Each structure stands twice: as structure tokens, then as C-alpha cells.
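I hope they are handy when you go through it yourself.

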Amino acid sequence: KMVIPPPRASPVASAPAGGERDVSTLEVLRVDMTRGDFFAQVRASIRSGAVLLDEVQRCARALKEADGGRPAATESAAACRVWQCLRGGAASSQAAGDHRLATPIDLSGVTDGPERVARLRRDAQDLCGLLRLSLCDSADLQLARSVLSDAEAFLATIEARAATTGLTPSDVWRQLQSESLPPASPAGGGGAAAPRLA
């Protein structure tokens with residue numbers, strides 16, 4: 001499910017010694033290190049993304065209950081339906097065989113109204129901009145939740161190192177990014193390289 005297009009902004013670096021994280025997980029984050037205090041922005045985006053996914057799940061449960069809790073209306077399918085509605089499209093056929101899942105829905109009835117729905121749409125757009133994931137179905141949403149959890153732990157590790165070095169968290173991250181870059185390949189080297197930190 002993971003989609004890693006050519007980088008348009010720097011993905012995350014590997015974590016400090018003593019707090020290693022799965023680099024493949026961290027590589028799905030898009031991070032613009034040219035911004036001054038990008039660390040705070042990334043942290044805010046990660047936390048708002050986690051809140052968004054919780055809200056998607058809450059709306060999915062409400063839709064499932066409204067549908068009478070029928071077997072076809074699984075919570076994962078309902079979550080996919082909510083997500084696709086927030087993204088402005090119909091739910092993927094992978095969500096379920098129920099044709100109702102391809103029908104646009106009004107989320108105002110399971111949220112706090114149109115203004116809340118508009119905010120959730122903006123948050124969904126921001127999450128898609130943060131993560132290098134396809135985010136098409138319920139499995140993608142579960143993966144996104146795992147990535148955000150791992151990223152939150154990574155940020156805590158960055159903050160811990162910043163506290164002991166006197167650097168800002170953003171500067172620590174830049175330093176780790178610089179240290180993690182592999183040496184340049186010899187000119188003319190062939191073969192497709194695995195996705196790397198950039």
C-alpha cells in the first residue's frame with residue numbers, strides 16, 4: 001500500500017542512538033526542513049492527524065449504528081466511507097460489496113455540523129500532505145495510525161536529545177539528517193537504489 005514518490009521535501013532522518021526507529025516508517029513523512037521551526041509544525045500535524053483518524057473512526061461507528069449494525073456495514077468499511085467522503089470521492093470498491101458505500105453521505109449528522117465537517121476536510125488534506133501513503137482504504141488508515149504513533153515517539157526522542165545538547169529540536173533533526181546521508185555513488189553506478197533519506 002505504501003506509495004513513495006520522488007521526494008518533494010525531505011523525509012525524516014533515522015532516530016538518535018538509543019532510540020532507533022524503523023526508517024521505512026519515518027520515510028513516509030514529508031518534512032520541509034527549510035522552515036525555521038519545522039519541528040513544531042510537524043508535531044502539530046502529527047497530533048491533528050491522530051485526532052482526525054479518531055474522529056473518522058467515531059463517525060464510522062455512528063454510521064454503522066445508523067445502518068442497523070448489519071453485517072455488511074462493518075466498521076472498517078464505514079471508516080473507508082467516511083474518509084472518502086472527507087476526501088471528496090466515493091468509497092473504494094475494496095471497502096465492501098455493499099453498493100451503498102459508493103453513495104456520497106452527509107457527515108453533518110454524525111459530527112457537530114457543516115463547520116466541523118469543513119474542518120475535518122482540511123485536516124484530511126493536511127494528513128495526505130504529511131504522509132507518503134495512498135490513503136485509499138481502511139488498511140491504509142490503519143497504517144497511517146501506526147506511522148503517526150511511531151513518528152510521535154521519534155519526536156520525543158528528538159526532544160530528549162535537544163534537551164541534552166542545547167540545540168533546538170529542529171536543529172537536532174537537521175543534524176541527524178546530515179549524519180544519515182550515505183556517501184555519493186560513483187559516477188555511472190547502475191542499478192535502482194532503494195528509497196533513501198534526502
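1. Let me start with a helix pair. H3 and H4 pack at an angle of about 90 degrees, with their axes 9 Å apart; the axes are lines fitted to C-alpha atoms, for helices over the stretch in contact, and angles run from 0 to 180 degrees between N-to-C directions. That makes H3 roughly perpendicular to H4, a label covering 65 to 115 degrees (under 35 is roughly parallel, over 145 roughly antiparallel, the rest oblique). On the H3 side the contact is made by Trp-83, Cys-85 and Leu-86, and on the H4 side by Val-117, Leu-120, Arg-121, Ala-124, Leu-127 and Cys-128. Contact here means heavy atoms within 4.5 Å.

2. A word on the ground rules. This is a predicted model, in which local features need pLDDT of at least 70 and side-chain atom pairs count only at pLDDT 80 or more, while totals for chains, interfaces and linings use all residues. Residues are numbered from 1 along each chain as its sequence is written, and side-chain values use heavy atoms, with hydrogens and water left out.

3. Now the overall layout. The chain has six helices and zero strands, giving the pattern α-α-α-α-α-α along the sequence. Helices (H or I, at least four residues) and strands (E, at least two) are DSSP runs, numbered from the N terminus. Of the 198 residues, 39% count as buried, where buried means under 20% relative accessible area, exposed over 50% and partly exposed in between (1.4 Å probe, protein chains only). Among contacts between residues at least 6 apart in sequence, 62% join residues at least 24 apart.

4. Which residues of the largest nonpolar core touch the most other members? They are Trp-83, Leu-127, Leu-131 and Trp-173, in a core of 44 residues. Two or more residues each come from H2, helix H3 (75-86), helix H4 (114-130), H5 and helix H6 (169-180). H2 gives the most, with ten residues. For the record, a nonpolar core is a set of buried Ala, Val, Leu, Ile, Met, Phe, Trp, Tyr and Cys residues joined through side-chain atoms within 4.5 Å. In soluble globular proteins, nonpolar side chains tend to be buried together.

5. Trp-83 deserves a look of its own. Leaving out residues up to four places away in sequence, Trp-83 touches Leu-52, Val-56, Ala-124, Leu-127, Cys-128, Leu-135 and Leu-141.

6. Leu-135, one of those neighbours of Trp-83, sits in the loop between H4 and H5. Leu-135 has a positive phi of about 50 degrees although it is not a glycine. Most residues other than glycine have a negative phi, and most peptide bonds are trans. With a relative accessible area of 4%, Leu-135 is buried.

7. On to the rings. The count comes to three aromatic pairs, using rings of Phe, Tyr and Trp (its six-membered ring) with centres within 6.5 Å; planes under 30 degrees apart count as stacked, over 60 as edge-to-face and the rest as tilted. One of them joins Phe-39 and Trp-173 edge-to-face, at 6.1 Å centre to centre and 75 degrees between the planes. Phe-39 lies in helix H2 and Trp-173 in helix H6, so this pair ties together parts that are 134 residues apart in sequence. Their C-alpha atoms are 8.0 Å apart in space.

8. Trp-173 also forms an edge-to-face pair with Phe-154, at 5.3 Å centre to centre and 70 degrees between the planes. Phe-154 is in helix H5 and Trp-173 in helix H6, 19 residues apart. Phe-154 is buried, with a relative accessible area of 0%, and Trp-173 is buried with 0% as well. Phe-38, Phe-39, Phe-154 and Trp-173 form one aromatic cluster.

9. Finally, two polar residues. Asp-140, in helix H5 (residues 138-165), counts as buried because its relative accessibility is 2%. The side chain of Asp-140 makes a polar contact with the side chain of Ser-134 (3.1 Å). A polar contact is a pair of N or O atoms within 3.5 Å; within protein, one must be able to donate a hydrogen and the other to accept it, and residues adjacent in sequence count only if both atoms are side-chain atoms. Gln-57, in helix H2 (residues 38-66), counts as buried at 19% relative accessibility. Not counting residues up to four places away in sequence, Gln-57 touches Glu-75, Ala-79 and Arg-145.
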